[in-house]
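User: Could you take a close look at a single part of this model for me? I would like to see how that part sits in the chain as a whole.

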Amino acid sequence: MPQPTATQPTAGYVFDNATEHSTEQHRCLAAAYDPVTLPRLAATGVGPGWHCLEVGAGGGSVARWLAGRVGPDGSVLATDVDPRHISPAPHLEVRAHDLVNDPLPQDRYDLVVARLVLQHLPERRAVLGKLVRALRPGGVLQIDEFDTSYEPPLLAPDPEAERLYTAFLAAKSAAMRAGGGDPHWGRRVPDALRSAGLVDLDVRPYVEVRHAGSPSLQLQLHHTHHLRERLLAQGMTDQQLDRVREIMRDPGFLAASSVLYSTRGRRPGPVER
């Protein structure tokens, strides 16, 4: 199979765990968004004896945190299509799993977590149904996803830098759509959970200011490398990407983040634990 080039990126999930960039991708994601995801999970009451599933577990920081909470009477299954970056931990099982095509146990888990996964999958609605069916009665599903329609620059060195940063964000969204993703999926999750039959919906939006020292801007900087071929395919040049990197390293640069929606819902029925 030919390797992707500047004019021929592969379709599908835009972040590949097999590349040289994946370790930095997972580091930035954990640093930027574990402070959102983990307190939300803690609020579910997850603790000893719980059985948990994280799909698309990436670097495994969330799954390892869960494993530290459930104790010897609980369990955590962390899955990914390529789970090589998930290190082992007590009470944690790691499994290679194609979320679209492979089955999941039904009526099994007290808590299911999917962070920044379904937005990449054209089959996201069908996969969501699979996650709901994996819950026990009373079980909780938490989905954390972006809506990238709002992430404007706030302070840039000059108007051209502002335009270039905005063009980079637009190219990234276009690359995601080209692979079947939905960069606005975060705002659609609450309705999707309700349509899937979940109740007690709890929706929390998170926005922050990106600056040169913030993990979320470091993640954007990393994407200029990780997604280079896809960004070039959307019309950017290497010279523009070099300039975008300079802009994001500028200590005076500020931008609003995209909105991260953390949405929880519960499967109807008494808790079975």
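Analyst: Happy to! Q25 counts as buried, at 7% relative accessibility; buried means under 20% relative accessible area, exposed over 50%, and partly exposed in between, with a 1.4 Å probe and protein chains only. Please keep in mind that this is a predicted model, where local features need pLDDT of at least 70, side-chain atom pairs count only at pLDDT 80 or more, and totals for chains, interfaces and linings use all residues. Residues are numbered from 1 along each chain as its sequence is written, and side-chain values use heavy atoms, with hydrogens and water left out.

Q25 belongs to helix α1, residues 22-42; helices (H or I, at least four residues) and strands (E, at least two) are DSSP runs numbered from the N terminus. The side chain of Q25 meets that of H223 in a polar contact of 3.1 Å. Such a contact is a pair of N or O atoms within 3.5 Å; within protein, one must be able to donate a hydrogen and the other to accept it, and residues adjacent in sequence count only if both atoms are side-chain atoms.

Now for the wider setting. Of the 273 residues in the protein chain, 53% count as buried. The chain has eight helices and 10 strands. Its C-alpha atoms fill a box of roughly 55 × 40 × 35 Å along the principal axes. Contact means heavy atoms within 4.5 Å, and among contacts between residues at least 6 apart in sequence, 77% join residues at least 24 apart.
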